[in-house]
Amino acid sequence: MEQRRRRPIILALLLSSTVHLLTLAALQHWFPAATTGFPSLRLSLLEAPQQSLDRPPQQSPAKRSSVQPTATTQASPPELPQALAATPLPPSALTAAPELELNPVPRLQEEFEIGLASLAVEFPMESDHRQILQTALHRWQQQLPAWTDSDEPLRWRQGEQEFRASVERLAPDSAMDLERAILDVRTEIDGLSLSAQVPVKRLAFSAYAQLVDRWDPEISLANDQIDGRFHSNSPLLVEVDAESGPRVTGMTTVSGRVTMRRSGKRAEVFSGGLQTWARKIPLPQRAFPWRELAVEQERLHFIEADTQLLFDADGSYRWQALGVDQASGIVSLPDQPWLIIADDGVRLQVQGTVRGSVLVYSPQRITITGSLAYARDPRRQADSPDYLGLVSEKTVEVAGVAVTGPGDISIAAAIYARRRFRIRDYRDPGAASLSIYGSVTAGSLSATEPRFVTRVQFDRRLQGKRPAYFPQTDHYELEQPNPSWVLTAVAQSPRGSPH
């Protein structure tokens, strides 16, 4: 029984060696000086007697004392089994042979053959191939969201090399999931047929710590602290002095140039990397076409008049109509994502602590009248199910000092302001802090100083999810930064001829 348990280990070692040999054979196609590949490899698995595998043989004291080679006597090596006679042994093995009791010749138990022309081998995709794939992916941005013909591949060329990719779209499991697809990429290199299964995802705007469409000429990136990815669809002005300056820890992409005012150094400001003249990420003409969505009525609160929303940590919120109609009510949030939709021209006010998954939408304006927090803070509870999205076709703003008070404001939410994200009373010399945990997407930004020094900290959960129905970009990116090729066939050539 013990010997049978050892057999899979031996087989695994043999198969591992086979894969290494096959990899070397595949590499020959890139190195003409190497020898040609093998058509196949035959392996034999031998069953050795249990004693030789388990422990060295034990001799009686009498036998050990009777066999003592003298200085003039040379011990002759034992006769090797015929199956092993062709394998040279190291000198140490020959010297130790007189102390061993050899077992009978091993019995041939299993024999199998692996064809090197059909065994697939996986190996990392080279950096230039990853760059080619990413460039082609950028070229398909407009096509992929509506791509429905999985039988018609996308094709592109890089020099003399042709690539083909068929698209398999994956339906999102819920309104919070990102759109995903699998690209089956294929090409041939030096007689090798290579394929790669490349998962890609469509980014929501919430995947960026901050994304700005148009920077006002008089607005600069000054003392802002941005922890996460940053993108600008227009040139960027950065203001740095000896005492202060902005810091961006994530990758920064700018569709234009970056102008550094005063003594700033780009590497110090953009520690996560900087790419200028990057591709624009356009904001959709309609941020949230909710009427086109298949939203169940029991998961939607439709508001027809200006209303204040006060969220409570117990999982409910109070709504209070503003103006003549003083209607009010309390809603308990369900386990499923919940939508609060305002009618055309209706303005909403929000503050409080959210417990659940909520998206608040107004085609006109959303005003933040106080801090917004999560009942289960993701910075302490990584799997927190609390999400808040604030989406407006026009403006999302922080109310003036008379409403919020002169102190700090913290906002936990993903914000999308199609026209403008605005700070009222930004000239107030309060020197308070505005902390945003989540993301901010805006058509443009107002100034925040001197009232606020702003810090945006990206919510890492938004890399793979989004608040329910949160607007999506037309930008796709690789889910795995280092995809792998799979060698599916080796072209055979006459022995000795170069590939």
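Reader: How many bridges join β5 to β6, and do the two strands run parallel or antiparallel?

Author: In this predicted model, seven bridges join β5 to β6, and the two strands run antiparallel.

Reader: How many of the residues of β6 are buried?

Author: Seven of the 10 residues of β6 are buried, so that the strand is mostly covered, where buried stands for a relative accessible area under 20%.

Reader: How should I read salt bridges, and how many does a search of the whole structure find?

Author: The general idea is that side chains of opposite charge can pair when their charged atoms come close. A search of the whole structure finds 23 salt bridges, and one of them is formed by R169 and E179, whose side chains meet at 3.8 Å, N to O. Because R169 lies in strand β5 (residues 161–170) and E179 in the loop between β5 and β6 (180–189), this pair ties together parts that are 10 residues apart in sequence. As for accessibility, R169 counts as partly exposed at 37%, whereas E179 counts as buried at 18%.

Reader: Which parts of the chain does the salt bridge between R460 and D227 tie together?

Author: The side chains of R460 and D227 meet in a salt bridge at 3.2 Å, N to O. R460 lies in the loop between β29 and β30, while D227 belongs to strand β9 (residues 225–227), so the pair ties together parts that are 233 residues apart in sequence. R460 is partly exposed, with a relative accessible area of 45%, and D227 counts as buried at 19%. Elsewhere, salt bridges that share partners join R155, R157, E162 and R164 into one network. Within this group R157 forms a salt bridge with E162, the closest N and O atoms being 3.9 Å apart; R157 is partly exposed at 46% relative accessibility, and E162 is partly exposed at 29%.

Reader: Is R461 buried or exposed, and which residues does R461 touch?

Author: R461 lies in the loop between β29 (452–458) and β30 (472–478), and R461 counts as buried because its relative accessibility is 13%. Leaving aside residues up to four places away in sequence, R461 touches Y374, P378, A382, S384, P385, D386 and Y387.

Reader: What is the volume of the second largest pocket, and which residues lie nearest its centre?

Author: The second largest pocket has a volume of about 660 Å³. Its lining has 27 residues, of which R229, M251, T253, H475 and E477 lie nearest the centre. The elements that give two or more residues to this lining are α5 (127–139), β7, β10 (230–232) and β30, and the largest share, four residues, comes from α5.

Reader: How do the residues of that lining divide into nonpolar, polar and charged?

Author: The lining of the second largest pocket divides into 10 nonpolar, 11 polar and six charged residues.

Definitions and conventions. Residues are numbered from 1 along each chain as its sequence is written. This is a predicted model: local features need pLDDT of at least 70, side-chain atom pairs count only at pLDDT 80 or more; totals for chains, interfaces and linings use all residues. Side-chain values use heavy atoms; hydrogens and water are left out. Buried means under 20% relative accessible area, exposed over 50%, partly exposed in between (1.4 Å probe, protein chains only). Contact means heavy atoms within 4.5 Å. A salt bridge is a side-chain nitrogen of Lys or Arg within 4 Å of a carboxyl oxygen of Asp or Glu. Two strands pair if DSSP finds at least two bridges between them. On a 1 Å grid over the protein atoms alone, a cavity is a set of points where a 1.4 Å probe fits but cannot get out, and a pocket is an open set with protein on both sides within 12 Å along at least five of seven lines; lining residues have an atom within 4 Å of a point. Grid points are joined across faces, edges and corners, and a volume is the space filled by probe spheres set on the points. Ala, Val, Leu, Ile, Met, Phe, Trp, Tyr, Cys and Pro count as nonpolar, Asp, Glu, Lys and Arg as charged, and the others, Gly among them, as polar.
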